[in-house]
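This report describes one protein chain in plain terms. Please look over the model first, then read on.

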Amino acid sequence: MEGALARFRAQADISSIRHFYNGRGCEKCDFTGFLGRTAIFEILRITDRMRELIAKKTLETEIMREARTGGMRTLAEAGVLKVAEGLTTLEEVAKVIDFTDEAAATVPPGQ
């Protein structure tokens with residue numbers, strides 16, 4: 001967990017998550033602690049303003065700022081919420097998200 005936590009550090013500073021979960025496992029899940037799949041999503045709403053920014057080939061940081069103003073969550077944030085809800089672990093989220101890249105690309109809401 002330390003490796004995932006180190007990669008998660010920047011995102012942890014933004015969030016208010018204080019509890020982390022680890023699956024114990026059982027016969028039903030073959031002692032992995034997981035059964036089934038949990039999806040995480042990053043959804044960008046294409047509003048008139050967003051369409052305009054894209055058409056003008058605006059810088060990615062400006063597009064991200066507008067997206068965040070409109071309420072978009074990054075993939076890392078969506079994963080972190082699943083961790084906070086106890087639906088998955090940081091290790092599992094870290095398998096699909098590079099938190100260091102996410103932290104560099106993320107424009108905090110309202111910035």
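Over which residues does pLDDT stay under 50, and how many contacts beyond four places in sequence does the model have for them? The residues are 104-111, and the model has 11 such contacts for them. Here pLDDT is the predictor's confidence in each residue, from 0 to 100, and contact means heavy atoms within 4.5 Å.

This is a predicted model, in which local features need pLDDT of at least 70 and side-chain atom pairs count only at pLDDT 80 or more, while totals for chains, interfaces and linings use all residues. Residues are numbered from 1 along each chain as its sequence is written, and side-chain values use heavy atoms, with hydrogens and water left out.

**Confidence**

The average pLDDT of the protein is 77, and 68% of the residues score at least 70. Helices (H or I, at least four residues) and strands (E, at least two) are DSSP runs, numbered from the N terminus.

**Nonpolar cores**

A nonpolar core is a set of buried Ala, Val, Leu, Ile, Met, Phe, Trp, Tyr and Cys residues joined through side-chain atoms within 4.5 Å. Buried means under 20% relative accessible area, exposed over 50%, and partly exposed in between (1.4 Å probe, protein chains only). In soluble globular proteins, nonpolar side chains tend to be buried together.

The largest core has six residues: Met-50, Leu-53, Ile-63, Met-64, Ala-67 and Met-72. Helix 2 (48-55) and helix 3 (60-69) are the elements that give two or more residues to this core. Helix 3 provides the largest share, three residues. Beyond its neighbours within four places in sequence, Ile-63 contacts Met-50, Leu-53, Ile-54 and Thr-58. Another core lies apart from this one and has five residues, including Ala-76, Val-83, Leu-90 and Ile-97.

Ala-76 and Val-83 are among the buried residues of helix 4 (residues 75-84). Ile-97 sits in the loop between helix 5 (90-94) and helix 6. Ile-97 counts as buried because its relative accessibility is 3%. Ile-97 and Ala-76 are 21 residues apart along the chain, and their C-alpha atoms are separated by 6.5 Å.

**Positive phi values**

Lys-57 lies in the loop between helix 2 and helix 3. Its phi is near 55 degrees, a positive value in a residue other than glycine. Lys-57 counts as exposed because its relative accessibility is 74%. Just after helix 4, Gly-86 also has a positive phi, of about 80 degrees.

**Salt bridges**

The structure holds six salt bridges. A salt bridge is a side-chain nitrogen of Lys or Arg within 4 Å of a carboxyl oxygen of Asp or Glu. Side chains of opposite charge can pair when their charged atoms come close. Some of the bridges are listed below.

| Salt bridge | Closest N to O distance |
|---|---|
| Asp-48 and Arg-51 | 3.2 Å |
| Arg-49 and Glu-52 | 3.1 Å |

Asp-48 and Arg-51 are about one helical turn apart because three residues separate them in helix 2. Asp-48 is exposed, at 64% relative accessible area, and Arg-51 is partly exposed, at 46%. Arg-49 is partly exposed, at 39%, and Glu-52 is partly exposed, at 36%. Salt bridges that share partners join Arg-49, Glu-52 and Lys-56 into one network. Glu-77 and Arg-68, in contrast, are buried.
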